[in-house]
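Reader: I am new to this structure and would like to learn how to read its features one at a time. Could you show me the chain and then begin with pairs of charged side chains?

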Amino acid sequence: ENFQKTIMSGTKTLSPGFDSKPTIKVHATAIFSILNHFMRRSDGDPRVIGTLLGKVEDGVIEITDCFGVPFIEKTDDLYVAINKDYHKSMYSSLRRITKKEEIVGWYSTTTASGALIVDNSSLVNDFYSQECSNPIHLVVDTTLNNETIDVRGFVSSPITLKEIAFSNMFEEVQVTTIMNDAERAALYHMINHEVSDEKKMDLLQTTNNKIDPDTVIISEIP
């Protein structure tokens, strides 16, 4: 039976079905950009965030591109500062090139401990709620603890008390990654220096033999 995971402040619960939730399709080029952003981050920064670009059609969110956004956060307190001017400038520049890609949400990498969602995720999501309706949140696991590159997708809904929103509940949705053979090889070489020899081939192994050979499901709801 299908189910989805709900994550709030690090606590995991289960809720039935996700028929009303969107499906996320992410192009490999977007994953390359996220990994490149992470590898080029400043010393001491445990994770990175950025803006997801793409289109929404018939309940499917297709992520075709993204760009990193400078930010500062305090992990021991609820504090996030996002460079809004940089974000606005980057998006304006990209819109001059193509008007087909809209802001559909935001991405982050995992924390050093591998956490997917943290308390500050609500603050970042609030910012992107002003940039698009119902932003999706993509998380790329850069710890490689599971011997694979996990790409996880979430949607959020506010938790309110007397009509005042004070937090967000993140629900996991299905993610598929569109990747051809050339992109799969490029990903292999991109992460080659980050993992041991016994992990290398596992990172690029298709997790579902029944899907199209040009599409690799990197992570999906169990």
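Author: A salt bridge is a side-chain nitrogen of Lys or Arg within 4 Å of a carboxyl oxygen of Asp or Glu, and by this rule the count here comes to five salt bridges. Side chains of opposite charge can pair when their charged atoms come close. Please keep in mind that this is a predicted model, in which local features need pLDDT of at least 70 and side-chain atom pairs count only at pLDDT 80 or more, while totals for chains, interfaces and linings use all residues. Residues are numbered from 1 along each chain as its sequence is written, and side-chain values use heavy atoms, with hydrogens and water left out.

Reader: Which residue meets Lys21 in a salt bridge?

Author: The partner of Lys21 is Glu171, with 3.0 Å from N to O. To place the pair, note that helices (H or I, at least four residues) and strands (E, at least two) are DSSP runs, numbered from the N terminus. Lys21 sits in the loop between strand E2 (11-16) and strand E3 (23-27), whereas Glu171 belongs to strand E11 (residues 164-173), so the pair ties together parts that are 150 residues apart in sequence.

Reader: How are the words buried and exposed to be read for such residues?

Author: Buried means under 20% relative accessible area, exposed means over 50%, and partly exposed lies in between, with a 1.4 Å probe and protein chains only. Lys21 is partly exposed at a relative accessible area of 26%, whereas Glu171 is buried at 10%. Over the chain of 222 residues, buried residues make up 44%.

Reader: Which residue forms a salt bridge with Arg152?

Author: The side chain of Arg152 meets that of Glu172, at 2.5 Å from N to O. Glu172 lies in strand E11 and Arg152 in strand E10, so this pair ties together parts that are 20 residues apart in sequence. Both Glu172 and Arg152 are buried.

Reader: How should I read the pairing of strands, taking E9 as the case?

Author: Two strands pair if DSSP finds at least two bridges between them. Strand E8 (residues 102-109) is joined to E9 by five bridges, and these two run parallel; Val140 in E9 is the bridge partner of Thr109. From E8 the chain crosses through helix H3 (residues 120-129) to E9 in a right-handed β-α-β crossover, meaning that, with the strands pointing away from the viewer, the path from the first strand over the helix to the second runs clockwise.

Reader: Which residues cover the two faces of E9?

Author: Ile136, Leu138 and Val140 lie on one side and His137 and Val139 on the other, and all are buried. Strand E9 (residues 136-140) is thus mostly covered, with five of its five residues buried.

Reader: Where is Arg47 found, and which residues is Arg47 in contact with?

Author: Arg47 is found in the loop between H1 and strand E4 (49-57), and Arg47 is buried, with a relative accessible area of 3%. Contact means heavy atoms within 4.5 Å; leaving aside neighbours within four places in sequence, the contacts of Arg47 include Phe71, Glu73, Ser108, Thr109 and Asn120.
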